[in-house]
Amino acid sequence: MSEDFPNTDIITLTRHILSDQLRLGPAATGDLTLLLTAIQTTSKFIANNVRKARLINLIGLAGETNVQGEEQKKLDVLSNDIMINALRASGKTAVLVSEENEEAIIIDDKFKGKYCVVFDPLDGSSNIDAGVNIGTIFGVYKLQPDSKGSISDVLRPGKEMVAAGYTMYGSSANLVLSTGFGVNGYTLDSSLGEFILTHPDIKIPARGKIYSFNEGNSMYFHSPVINYLKSIKFPANGKSPYSARYIGSMVADVHRTLLYGGIFGYPDDKKSKKGKLRLLYEAFPMAFLTEQAGGIATTGKGRILDIIPTSIHERCPVFLGSKDDVNDLVKFYQLHE
Ligand code: AHG
Ligand code: MN
Ligand code: MN
Ligand code: MN
């Protein structure tokens, strides 16, 4: 068959996760496969609403404030409802943690399963009204042995997650997923209604040429970050300076970092003492994906995936991306010890 002939053997996300399940042999129950199927359905549903948002009055504020003190957008609330309903109905979850809910949701016995899902239903809210990329971020833990589902099942280090991923709603919807065996990217073919494997085995380049920080916060930054940024903007030995790219949607900034390399950072600073990004449903899933793609994710002082959370909405500094770039930043932290 000629090379430009359409592919008749497409790999859908469902096919791909089923083949992973087969690889695990008879020990695999298929529960994680069904949970991931529920999650991909929520992504299609949210993507559909994001596309139509301007037309069906889904732009703007919902009128409530969340536990972080942020005004919720209509799409934040709608995406959250979509996630909670689908995850509960899947029968595969026991505990849910959402950016938009102050308390963890413990699933009633009738629907209880053995997984816990932490999620940011809509990431990048400030970009909604301008039609700029936004996304959904999720991480999955398995219940601890003998647990019926409680908050202690999610107050665990990110390295204990069994799966993590995000869906970016951009020029196309892209779902990026890891179940601990590398990272794969899928693109929604909206005519088929299926996510198709388009980015198998994503690996972050060892070094990139892009830095992604909100430099508007520079006056609050601590010296390791200021000095690192100076080093890449005014490099020695005739090297070229790095390019700046910052979208303000973590999903989009991390997606570009996974594909092109470079460094994404949201530091702690003199104003935001613990940084801005939330550990459980922003930092952990993105750190999990970064490491699975061969990169590094750190607070500047230690590995993000090793942190033991003490509350579900806590925040942490985040630097992630290409191994060499993140190591360069860490050296500036070590100089200040
Ligand atoms: P969310 O919209 O889920 O509240 O997350 C917003 C986060 C994240 O997407 C992004 O990286 C960061 O906020 C941007 O913050 P600044 O506007 O302070 O740069
Ligand atoms: Mn928010
Ligand atoms: Mn977010
Ligand atoms: Mn959000």
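Is P309 buried or exposed, judged by its C-beta neighbours inside 10 Å? This close-up and the ones after it show a predicted model.

**View 1. P309 and its surroundings.** P309 belongs to the loop that runs between β14 and β15 (318-321). P309 has 21 C-beta neighbours inside 10 Å, and a residue is buried when there are 20 or more, so P309 counts as buried. Its contacts, leaving aside residues up to four places away in sequence, are L155, L279, L280 and E314. For L155, the C-alpha atom is separated from that of P309 by 5.1 Å, although the two residues are 154 residues apart along the chain.

**View 2. The open sheet that contains β14 and β15.** This sheet has 5 strands in the order β12-β11-β13-β15-β14, and the pairing is mixed. The edges are formed by β12 (243-244) and β14 (296-298); each has a single partner strand, so one side of each is left without a neighbour in the sheet. The pairing of β12 with β11 (residues 210-212) is parallel and comprises 2 bridges. In this pair, I210 is opposite S243 of β12.

View 3. On β7 (residues 163-169), the pairing with β8 is antiparallel and extends over 6 bridges. T167 is placed opposite L175 of β8, and a hairpin with 3 residues links β7 to β8. β8 also pairs with β9 (residues 184-189), again in the antiparallel sense, over 4 bridges. Here V176 is opposite G185 of β9. The hairpin of β8 and β9 has 5 residues between the strands, and in it G180 adopts a positive phi near 95°.

**View 4. Helix α3 and the residue that follows it.** Helix α3 comprises 16 residues, 74-89. At 1.5 Å a residue the helix should span 22 Å, and the end C-alpha atoms are 23 Å apart, which agrees. The buried residues of α3 are L75, D76, L78, S79, N80, I82, M83, I84 and L87. After α3 comes G91, with a positive phi near 75°.

**View 5. Residues around ligand 1.** The shell around ligand 1 has 13 residues, of which D123, G124, S125, N214 and M250 come nearest. Sorted by class, this shell consists of 2 nonpolar, 6 polar and 5 charged residues.

**View 6. The two annotated domains.** An unreviewed UniProt entry assigns "domain: Fructose-1-6-bisphosphatase class I N-terminal" to residues 11-200. This span is 26% helix and 33% strand, with its end C-alpha atoms 10 Å apart. The feature "domain: Fructose-1-6-bisphosphatase class 1 C-terminal" is placed by UniProt (unreviewed entry) at residues 204-333. Over residues 204-333 the content is 36% helix and 12% strand, and 23 Å separates the end C-alpha atoms.

Key: Residues are numbered from 1 along each chain as its sequence is written. Chains are lettered from A and ligands numbered from 1 in the order in which they are written. This is a predicted model: local features need pLDDT of at least 70, side-chain atom pairs count only at pLDDT 80 or more; totals for chains, interfaces and linings use all residues. A residue is near a molecule or strand if its C-beta atom, placed from the backbone, lies within 6 Å of it. Ala, Val, Leu, Ile, Met, Phe, Trp, Tyr, Cys and Pro count as nonpolar, Asp, Glu, Lys and Arg as charged, and the others, Gly among them, as polar. Two strands pair if DSSP finds at least two bridges between them. UniProt positions are given in the numbering used here, feature names are shortened, and annotations may be inferred rather than shown by experiment. The expected span of a helix is 1.5 Å times one less than its number of residues. A residue is buried if 20 or more other C-beta atoms lie within 10 Å of its own, exposed if 12 or fewer, and partly exposed in between; C-beta atoms are placed from the backbone. Two residues are in contact if their C-beta atoms, placed from the backbone, lie within 7 Å.
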